[in-house]
Amino acid sequence: MFLKTIAMKKFLIALVVIFALQSCTEEMEPSTVKETKWELKSMTGSTLPSSAKATLNFTNQSAFGGKSFCNSYGGKFSLSGNSIKFSEIFGTKMYCQEVANAESEFLKNLELVDELKLFNGKLKLLKKGRVMLIFTPLP
């Protein structure tokens, strides 16, 4: 009987932890990100340049755009629940040597991500569960 009680307590604690972790992220509805603007704060595997910023702006028509450190870029996005797909990405073609690598990596990551999560006011873009890009909101 004593062992059953301990096992039951551990089971209940595990359930509480699971539910708490699931509530940490919000499911994204298309209207949640439309008409929002974000600034890149972290990119997995890269140090962000201090001399320039990258932004991501969602419109109300499933389009996005922003600044990719040096150039302006844009394209279309589709969102279903937490799944996101960026497509038809285009950009201006100025060459800025000091941010060229970061810009290339940023645009590559946008093409690769397949999920987004909103956590503590930050927008996280993931690829197969791995966080690739983290943004904070712009006013």
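## Links and bridges in this structure

Glu-105 comes out as partly exposed, at 24% relative accessibility. That value, like everything below, is computed from a predicted model. Glu-105 sits in helix α3 and pairs up with Lys-108 in a salt bridge. There's also a disulfide to look at, between Cys-70 and Cys-96.

**The disulfide**

- Searching the whole structure turns up one disulfide.
- Its partners are Cys-70 and Cys-96, with the two sulfurs 1.8 Å apart.
- Cys-70 is in the loop that runs between β3 (63-68) and β4 (71-80), while Cys-96 is in the loop between β5 (83-91) and α3 (100-112), so the bond ties together parts that are 26 residues apart in sequence.
- Both ends are tucked away: Cys-70 is buried, and Cys-96 is buried too.
- As a bit of background, a disulfide is a covalent bond linking the sulfur atoms of two cysteines.

**Helix α3**

- α3 has 13 residues, and at 1.5 Å a residue they should span 18 Å; the C-alpha atoms at the ends of α3 are 19 Å apart, which agrees.
- The buried residues of α3 are Ala-100, Ala-102, Glu-103, Phe-106, Asn-109 and Leu-110.
- Glu-105 and Lys-108 are three residues apart in α3, so about one helical turn separates them.
- The side chains of Glu-105 and Lys-108 meet in a salt bridge, with 3.8 Å from N to O.
- Lys-108 is partly exposed, at a relative accessible area of 42%, and Glu-105 counts as partly exposed as well, at 24%.

- Another salt bridge links Lys-117 and Glu-115, whose closest N and O atoms are 3.6 Å apart.
- Lys-117 counts as partly exposed, at 24% relative accessibility.
- Some salt bridges share partners, and this joins Glu-39, Lys-41 and Lys-53 into one network.

Methods
Residues numbered from 1 in each chain as written. Predicted model: local features only at pLDDT ≥ 70, side-chain atom pairs only at ≥ 80, totals over all residues. Heavy atoms only, no water. Disulfide = S-S within 2.5 Å. Helix = DSSP H or I, 4+ residues; strand = E, 2+ residues; numbered from the N terminus. Buried < 20%, exposed > 50% of the residue type's maximum accessible area, 1.4 Å probe, protein only. Expected span 1.5 Å × (residues − 1). Salt bridge = Lys/Arg side-chain N within 4 Å of Asp/Glu carboxyl O.
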